[in-house]
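Dear colleague,

I am passing on the structure we spoke about, and below it you will find what I found on going through it. Please read the notes with the model open beside them.

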Amino acid sequence: MKNSSVRIVMLLLILLVVIILASLTASVATAQPTQDTVHTQLLTVSGNEGGIADLYLTVKPGSGSVFLETQPLTKLDTQISTRFANSIACKYAKIDCTKYDFFYRIKANSGIVGGPSASAPIALVTYAALTSQQLDENVVMTGTINPGGLIGSVEGIQSKILAAKDQGYNKVLIPALSTYNQTELQETAKDVEVVEVATFEEVLYYTLAVPIPPSVAEIQPHPQYSEIMEDVAKKLCNRSKELDELTRKFESSMKEDAINKTEKAFAELENSNYYSAASLCFGANVDFRRLQLSDYDQAELRSVEKKTYVAIEKLEVQLERKTLKSLPELETYAIVKERLLDAKDSLTDDNLLLPLLLANVTQNLSYLDTAYAVERYYSAIVWSDFFALKGPEYDIDDSHLKEGCNRKIQEAQSRLDYAELYFPFGLDNVQTELDYAREDHNKQDYALCIFKASKAKADASVIISGISVSQDKLEKLIEIKVNVSAKIIQDQIDKGNFPILGYSYYEYTQVLAESDPLLALTFGEYALELSNLDMYFPRKESTNFDISIDANMIITFSLGFVAGLLVAVILLKSYSHKKEKRK
């Protein structure tokens, strides 16, 4: 009996070890991208003739490098768009791709492989490889991949669909934003299912059956945000009323514009669009102040500039003493600092200002610039109220700020390089903003660097997302951006964060959609870019006891517990038999 019991115990222990090892192996395997080559085909067009190209991807352990081999040659835009598509797929797969190298290979019949229309399929094949899935060989797609996972329009839709039909494909995914003749497309696409997709989430649904996250019906802003933003708007708009009274004697187009902005602002206040109201009242205040200062002589203007300069310096000192612990505090710092720098830049040349003011040297001052500086400084004061907005604590130290600054600059430069392929001229403003971010980096003001680089990246992204989008599709593009922004913002809210600027720009985008769609696109891009800053900073460990449950852990523990019970039962039986023999 003794030998039999020992054998059973040993067998059960071996079984338990095998189960644990198997479950651990399975969990590791599901976390690793496949190293098998994943394949799909691309739709191409040369002139008016559609064609097919083969795309292969192999993922190996590495350091985040992206390699692209094409047969025959490739254009630079394909190389840049491949890197961008890779980054989008990594984000959706929620995998740290700096631990892997990606080897892409495109084989095409055309003389040169070029254009960004392969970027959406590249993102798809990357996601499939990262999640160890094989793609349906009966489905093919075309489209660009843009910021926020938007699927951008491409040319030659009908030619591409005809090529897909000739190759025997059952389903073709095309960008919802593309322009084409509906009647001709229906004739071309007989026996082929054509599906319009607007986002990468929809691509994943139609190719890999990944469920689409539910849309956000309505974002409920943080109560404290609404309270502070309303107060900011009211302070600025009450100032508009005061300045209106001060400039009662003036009659000009500037005065009329200021009054119109104020009236619109109070209408936005009634609709609880507080950021929009604040923006309108700030613009009105600048106009009113310019009217007031237009009567000042040089000595009076110099006195105003001196007081403003001293006030700016004082607030800057207070600002630099703050220890940033949460994302709302980080955002508020950047908002206030940017306004103070704008105000200072609008005064006399910063290098000459203080000596001039102290020495009272005569120099012609512009009342237009002085007025802007005064009101920009005041807006910095009222926006500093957002330091009171609460949020979870993050490790916002210099090392993480610097890393975030570097990453944002790299992202913005990559996006700008891509935009310049299509618009080599006219992007000087974007480059200037990016240069300012680099200057902030050199000054070790990494927080402001992150925000300036984010805006530069967003401005370049507006150009990219608008490529080949016709005027009649602008409304659809804005709608998609708003929906994507809403999901990102809601995701942040679920994490306990509230993106001050992301939500403010999200609100403003909807207000501008009808009156100024191009400006709405810009603010929509700002909303996308500034809503997920948590990716650059680790969250501080909570002092509360947190239980995270893992399915594999539960299975392993349960099996081990059952096996332990069996062993205990056998040992008890063996022990009871021994006792009986002793009796």
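**A serine in a loop**

Ser531 counts as buried, because its relative accessibility is 2%, and a residue needs to be under 20% for that label. Please keep in mind throughout that this is a predicted model. Ser531 is found in the loop that runs between helix H19 (517-529) and helix H20 (551-582). A polar atom of the Ser531 side chain lies 2.5 Å from the backbone oxygen of Ala527. If its neighbours within four places in sequence are left aside, Ser531 is in contact with Ile488, Ile489, Gln492, Pro499 and Gly502.

**The chain as a whole**

The chain has 583 residues, of which 49% count as buried, and it holds 20 helices and nine strands. Its accessible surface comes to about 29,300 Å², with 52% of that belonging to carbon and sulfur atoms. When contacts between residues at least 6 apart in sequence are taken together, 78% of them join residues at least 24 apart.

**Salt bridges**

The count of salt bridges comes to 26, and I looked at three of them in detail.

The side chains of Asp385 and Lys235 meet in a salt bridge, with a distance of 2.8 Å from N to O. Asp385 lies in the loop between helix H13 (367-383) and helix H14 (398-422), whereas Lys235 lies in helix H7 (residues 223-246), so the pair ties together parts that are 150 residues apart in sequence. Asp385 counts as partly exposed at 25% relative accessibility, and Lys235 is likewise partly exposed, with a relative accessible area of 31%.

Lys457 forms a salt bridge with Glu529, and the closest N and O atoms of the two are 3.1 Å apart. This pair also links distant parts of the chain, since Lys457 is in helix H16 (residues 446-465) and Glu529 is in helix H19, 72 residues apart. Lys457 is buried, with a relative accessible area of 8%, and Glu529 counts as buried too, at 9% relative accessibility. Lys457 and Glu529 belong to a network of salt bridges in which Lys408 and Glu411 are also linked.

Arg438 forms a salt bridge with Asp435, where the closest N and O atoms are 3.8 Å apart. Both residues lie in helix H15 (residues 428-442), and they are three residues apart, about one turn of the helix. Arg438 is partly exposed, with a relative accessible area of 30%, and so is Asp435, with 34%.

**Backbone angles and a hairpin**

Most residues other than glycine have a negative phi, which is the background for the next two residues. Lys94, in the loop between helix H2 (76-93) and strand S4 (100-113), has a positive phi near 55 degrees although it is a residue other than glycine. Lys94 is exposed, with a relative accessible area of 77%. Ser132, which is not a glycine either, has a positive phi of about 55 degrees, and its place is in the loop between helix H3 (119-130) and strand S5 (139-141). Ser132 is partly exposed, with a relative accessible area of 40%.

A positive phi also occurs at a glycine, namely Gly47, where the value is near 70 degrees; this residue belongs to the hairpin of S1 and S2, which has two residues between the strands. Strand S1 (residues 38-46) and strand S2 (residues 49-61) pair in the antiparallel sense over nine bridges, and within this pairing Gln41 stands opposite Asp54 in S2.

Which residues make the nonpolar surface patch of about 260 Å²? The patch is made by Tyr205, Tyr206 and Ile212. Tyr205 has its place in helix H6 (residues 200-208), and it is partly exposed, with a relative accessible area of 41%.

Key:
Residues are numbered from 1 along each chain as its sequence is written. This is a predicted model: local features need pLDDT of at least 70, side-chain atom pairs count only at pLDDT 80 or more; totals for chains, interfaces and linings use all residues. Side-chain values use heavy atoms; hydrogens and water are left out. Helices (H or I, at least four residues) and strands (E, at least two) are DSSP runs, numbered from the N terminus. Buried means under 20% relative accessible area, exposed over 50%, partly exposed in between (1.4 Å probe, protein chains only). A polar contact is a pair of N or O atoms within 3.5 Å; within protein, one must be able to donate a hydrogen and the other to accept it, and residues adjacent in sequence count only if both atoms are side-chain atoms. Contact means heavy atoms within 4.5 Å. Two strands pair if DSSP finds at least two bridges between them. Patches are made of residues with over 30% relative accessible area and no salt bridge: like charges are joined within 9 Å, nonpolar side chains (Val, Leu, Ile, Met, Phe, Trp, Tyr) within 5 Å. Accessible areas come from the Shrake-Rupley method with a 1.4 Å probe; for residues, only the protein chains shown count as cover. A salt bridge is a side-chain nitrogen of Lys or Arg within 4 Å of a carboxyl oxygen of Asp or Glu.
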